[in-house]
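Subject: Handing over the two-chain model

Hello,

I am passing a structure on to you, with some notes on what turned up in it. Have a look at it first, and then read on.

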Amino acid sequence: MKPHFLFASTIGLVALTSGAAFGQSKIVGVVTDNNAKPLANVAVSLEGSYDGTVTGRDGSFSFSTTEVGPQVLISKIEGYQDVVQPIEIKDSTSTVNCKVMFAVKSMGLGNVTVTAKKFDSEDKNKAIAFSSTDVLTTATDGNVISALKTLPGAQQVGESSGLFVRGGTGTESKMFIDGLLVNNFTYSSPANQASRSRFAPGLFKGSFFSSGGYSALYGQALSAALILETENMPSKSNADFGISPISVEGGIQLLSRSKTTLVGFFAKYTDLNLMFNLVKPNLDFTTAPKYLDASFFVKQKVADKGMLKLYSSIGKSTVGLQQPDADYVTATDHVSLRNTNLYNNLTYTQSLARGWNFYIGSAFNYNLDRFSLALQPVGEQHSVYDSLSRDNVSMLQLRSVLSKRVLNNGRLQWGGEIIRSGEGFASDRTSLGQVEDTYSAGFVELETALTENLSGRVGARLENSTLLDAAKLAPRTSLNYTFANKAQLLASYGMFYQKPEKYYLLRESDLQFSRADHYILTYQKIDNYRTFRTELYYKQYRDLIKTVPQISNNGYGYAQGLEVFWRDKKTVRGLDYWVSYSYLDTKRNYLDYAFAVQPSFAAKHTLSVVAKRFFPAKRLNLSATYTFATGRPYYNPNLSAERFMEDRTINFNNVGLSICYLPKIAKSFSVIALTFSNVLGNKQVFGYNYSRLDPSQRTAITPTNNPFVFLGLFMNFGVDRTSDVIDKNL
Amino acid sequence: MKKTFLFLSLCSGTASYAQSSKYHKAIEQNLVLLDTVKTEAGYRKVGSTFERIATAEKTQWLAYYYASYCAIRAVRFERDLNMIDARLDQAEILTHQASTLSPNNSEIYCLNALIAFYRINVDFMARGPEYSAIANEALHKAKILDPSNPRAYLLLGESKYSTPEQFGGDKKLGCQLFDKAFTLFNEAPATGIAPHWGKADVARYQSLCQSQASAATK
């Protein structure tokens, strides 16, 4: 009996494996979209079987199968939801004709969750994001702010630090590192001089600059938010070294063997003395600017998908200069500024199951500016007037955010923060005392897809200040429509509050939050080659600070404009260029203004062109920047009162060039950077200082060094060569 | 009773044998096709067959592996930078499924490295450092898991050979790695349906290395 069974099962085996020899049924058909357009590359298969095929260019398909009876035909293509349809195969000789139609588009590519590259937050999609390479190769002076000044919305203000955005002052833009507010993002500087960012561009993996209408997660910035994210773990330990006529720097970061812990240290000393001996500056420095900065950082991976980051820095700087007194022609002002700055940033993020994400962070900031002024009559040994003042700020911040993936690939975020701050100003003659404030905020925001093409964001922020004794609710919302060609149309609205600067809070106790309302319409089309983006906005200012007749919140203003941004990496192979144009119409009545006028920091037209090209064979990276801005208003006391701020400075023109060469030096990654600012030597005037006693006398406010040349060598050594050693010991 | 039992066990044994033999044979046939494929459409077609086998079998990592391999190779023909990431995402899902079925598999780590290498092409300047680090890490892991996997050495060699020196490349080391891969290919030729791709690439690189070495001595 046994052999018989064996025989039968062998027959079965043959039947299974060589079915082709027996009759097979055929499945044929055409796949189209709902406009009857044929779809190629659609994978068609019978569920549970190996049988199937891929459609050709005309959308047609044909395959054989040994299956019979009721079957399920599955068709798949990216961008659509799978089509599942039952079919009936009568017998092994029949031909089944099918029509497959894809009707439902899947909700974006965001359904694919394996990738971390796609921007997950809507703010990033709305703002122009800069990668760290973009910043490093654009801001060749090592200043993050200079790179951002080539983006639309930013003004070319050279006499003051900070970002002046869309008719806002420099203090209306705030910087956030890993979610936490940074005070004194730039170095302290004497009046009418801009200073650079304290933070090296290499610290950050990316930055995105929201020139308005930003998320409810951030506050206390009437104009703009610069959101910076620090680098994650490097792939191996490494050391840095850099030298230039103005600075030496060095650092090391050590990665543990398990690649879960990183400890690093970095120090930099900058002294412009040598530079100023070679190229005479426009100012008479008694002490050329000197900066000493040191930072310490730790990054620790915690369990599964948790990350702890600590960044701690200390900085000291000093500068001294003398200049003719604006009022007393026979006297010289001796000005000196010494600064001490401490910054600590500690954050912990944890991704949890089911789309939960947890963040907690804390920052501590301390800044002290010691400013001295001595008035010395020409030819005399002793000064006739001395003053020494101390300007201090300390700030402790705690922040926590929870987020959860919800609905159609949407996200709900909520959290809160509390900032305890103390600010004071005292000189040896007067003391304005100290103000202390506990600022707290709670926020909630929901982003979600509404229909196939429409998505929205709605959020609110409740802010309270014990000093101002006021609570404000700031709603933020936006609606985003995506066209078939992936272009987007975006409408946003947001209400933004900001505390007055401390100099006013110290003098007047009855002040309120200033307020700005943003209305923005954006059209953008972004892909890997090109970005086109244009924005139309209207911004209304309320409760701005007035200093005349007394300090109050009676100021007001508006800003409206049009901006265009175009970036193209494709048209000319290897060339990456972008063009930004901003039209700004703004007026405000604030501080000591008698009526609403275009303020001194606002230019009507601003244009930036940046072009970069890397020549791999020559190991050379060339980049050029051209910036243009129309003249800005300045106050001329010789004009009658009703012609307040009518004068305009000359137009601003600046051509910058940068050549980076990557030499072969041992096993290092090295860069020799040579940069020129204002190559053509265009005259640049930011405004004028008028003598109060003799208004026919004025001095122009100009850049300190013009033109400016910088040459430096920067090297990076990978310390951990163990993998290479292993590779060599084959 | 005994006979009935024998009957049942025999039948079920044959059925599972038949099933696994069907799988084996299907992979084998498709591998023959894969070895001759030269076009994008070809890779797509062969890849979709592997994917169908994978979905039908559900537990065979190798089917997912080959499906992913085909998807990655097809990306080589993609000229539209905007599409590369989306297509590699699809491949990544397949390797992920393969590694769930067969964790700590040297061959799958090699595919992860390949995916990272192809992602660099989207934006060399911005992605180079990050993704080559990811790829190299995957390859070192692949080498640790299976020191005799020639593909780990081939891909490491490619990375060292084609990366500019100032970014950590080393042509000489690359050539040594190709030699090592060549030795491994010859020492233990792949059998059956186990991965065997890469031998031709090694030979091509070795001749490049040779012509370069002879040019240097001239």
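Let me begin with a pair of helices in chain B: α5(B) passes α7(B) in a left-handed crossing. A crossing is called left-handed if the near helix is turned anticlockwise from the far one by less than a right angle, and right-handed if clockwise. Helices here are DSSP runs of H or I with at least four residues, strands are runs of E with at least two, and both are numbered from the N terminus.

Before going further, a word on the source: this is a predicted model, in which local features need pLDDT of at least 70, side-chain atom pairs count only at pLDDT 80 or more, and totals for chains, interfaces and linings use all residues. Residues are numbered from 1 along each chain as its sequence is written, while chains are lettered from A and ligands numbered from 1 in the order in which they are written.

**Helix pairs in chain B**

Two packed helices are described by the angle between their axes and the distance between the axes. For α5 (residues 106-120) and α7 (residues 150-162) of chain B, the angle is about 20 degrees and the axes are 9 Å apart. Axes are lines fitted to C-alpha atoms, for helices over the stretch in contact, and angles run from 0 to 180 degrees between N-to-C directions. α5(B) and α7(B) are therefore roughly parallel to each other; angles under 35 degrees count as roughly parallel, over 145 as roughly antiparallel, 65 to 115 as roughly perpendicular and the rest as oblique.

Which residues meet between α5(B) and α7(B)? From α5(B) come Ser106(B), Glu107(B), Cys110(B), Ala113(B) and Leu114(B), and from α7(B) come Arg151(B), Ala152(B) and Leu155(B). Contact requires C-beta atoms, placed from the backbone, within 7 Å of each other. By class, this contact of α5(B) with α7(B) has 5 nonpolar, 1 polar and 2 charged residues. Ala, Val, Leu, Ile, Met, Phe, Trp, Tyr, Cys and Pro count as nonpolar, Asp, Glu, Lys and Arg as charged, and the others, Gly among them, as polar.

A second pair is α3 (residues 61-75) and α4 (residues 81-101) of chain B, whose axes come within 8 Å and cross at roughly 165 degrees. α3(B) and α4(B) are therefore roughly antiparallel to each other, and α3(B) passes α4(B) in a left-handed crossing. Residues of α3(B) in this contact include Trp61(B), Tyr64(B) and Ile72(B), and those of α4(B) include Ile84(B), Leu88(B) and Leu101(B). The residues of the contact divide into 13 nonpolar, 4 polar and 1 charged.

**Chain B as a whole**

Chain B has 9 helices and 0 strands. Buried residues make up 42% of its 218 residues; a residue is buried if 20 or more other C-beta atoms lie within 10 Å of its own, exposed if 12 or fewer, and partly exposed in between. Among contacts in chain B between residues at least 6 apart in sequence, 59% join residues at least 24 apart.

**Sheets in chain A**

One open sheet of 4 strands in chain A has the order β3-β2-β5-β6, with antiparallel pairing. Two strands pair if DSSP finds at least two bridges between them. The edge strands are β3 (52-54) and β6 (83-89) of chain A, each pairing on one side only. Within the sheet, β2 (residues 43-46) and β5 (residues 69-76) of chain A are joined by 4 bridges, and Val44(A) has Ser75(A) as its bridge partner in β5(A). Here the two chains meet: helix α2 (residues 40-57) of chain B packs on the sheet, touching β2 and β3 of chain A. The direction of α2(B) makes about 150 degrees with that of β3(A).

Another open sheet, of 3 strands, has the order β4-β1-β7 in chain A, with mixed pairing. Its edge strands are β4 (60-65) and β7 (95-102) of chain A. β1 (residues 25-33) of chain A runs antiparallel to β4(A), with 6 bridges between them, and Ile27(A) has Phe63(A) as its bridge partner.

Strand β11 (residues 204-210) of chain A is largely enclosed by the rest of the structure, because 5 of its 7 residues are buried. β11(A) pairs with β12 (residues 224-230) of chain A in the antiparallel sense over 6 bridges, and Ser210(A) stands opposite Ala225(A).

Not counting residues up to four places away in sequence, Leu544(A) touches Ser514(A), Gly555(A), Tyr556(A), Gly557(A), Arg588(A) and Tyr590(A).

Best wishes
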